[in-house]
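Student: Could we go through this model together, beginning with its overall fold and ending with its surface?

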Amino acid sequence: MPNQVQWNPRYSVGNEILDDQHQAILAQCNALADHVVGTDPESDLKFHTLFNELTARAREHFSSEEDLLVDCACPTLEEHRNECDEFEYLVAEIVTTDNFDKLELQKFLIFWWVGHILDSAERYRACAASSPTD
C-alpha cells in the first residue's frame with residue numbers, strides 16, 4: 001500500500017515560498033500513490049510523468065532554498081548543496097523504475113521528502129522566517 005502524507009504545521013519553515021514548495025512536493029508524492037498499483041501502460045505513463053514533474057519541482061525547490069540560504073549566510077549551505085546532489089544522484093541513478101517497482105519508489109520519495117522537510121524546518125526556520133517571501 002502506498003504512503004501518503006498530509007501537510008502538518010510542524011513542517012513549516014516559516015517562509016511562504018519554501019512552505020508552498022514543500023506542500024506541492026508532498027502533494028506530488030501523494031499523486032504518485034494513485035498510480036502505483038496499475039500495470040496498464042496508461043498508469044505507467046502517468047506515474048513516469050508525475051515522477052519527472054516531481055524531479056523538476058525538486059530542482060526548482062533546491063534552487064529556492066539555496067538562494068535563501070545564501071541571502072542569510074546560513075552556515076549549513078554546503079550541507080544543503082550536498083543533500084541536493086545526493087537527491088539528484090539517487091533519482092537519476094538508483095531510485096528509478098528500472099531498479100524499483102512503482103510502490104517502492106513512491107514510498108522512498110515520500111519518506112525522503114518528509115525527512116528533508118522536517119530537517120529543513122529545524123535547520124532553516126530562523127533564517128527562512130527573516131527572509132522576504134517574494
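**Fold and surface of the chain**

Tutor: Before you ask, keep in mind that this is a predicted model. The chain has four helices and zero strands.

Student: In what order do the elements of the chain run from the N terminus on, and what is the radius of gyration of the chain?

Tutor: Read from the N terminus, the elements follow the order α-α-α-α. For 134 residues the globule rule gives 14 Å, and the chain comes close to that value, so it is as compact as a globular protein of that length; its radius of gyration is 15 Å.

Student: Among contacts between residues at least 6 apart in sequence, what share joins residues at least 24 apart?

Tutor: For the setting, the C-alpha trace spans about 50 × 30 × 20 Å along its principal axes, and 43% of the 134 residues count as buried. Of the contacts you ask about, the share that joins residues at least 24 apart is 75%.

Student: Which residues make the nonpolar surface patch of about 260 Å², and does I94 count as buried or partly exposed?

Tutor: The patch is made by Y89, I94 and F100. I94 is found in helix 3, which covers residues 77–94. Because buried means under 20% relative accessible area, and I94 has a relative accessibility of 30%, I94 counts as partly exposed.

Note on methods:
Residues numbered from 1 in each chain as written. Predicted model: local features only at pLDDT ≥ 70, side-chain atom pairs only at ≥ 80, totals over all residues. Heavy atoms only, no water. Patch = residues over 30% accessible without salt bridge, like charges linked within 9 Å, V, L, I, M, F, W, Y side chains within 5 Å. Areas by Shrake-Rupley, 256 points an atom, 1.4 Å probe, with all protein chains shown as cover. Salt bridge = Lys/Arg side-chain N within 4 Å of Asp/Glu carboxyl O. Helix = DSSP H or I, 4+ residues; strand = E, 2+ residues; numbered from the N terminus. Buried < 20%, exposed > 50% of the residue type's maximum accessible area, 1.4 Å probe, protein only. Rg over C-alpha atoms; globule rule 2.2 N^0.38 Å. Contact = heavy atoms within 4.5 Å.
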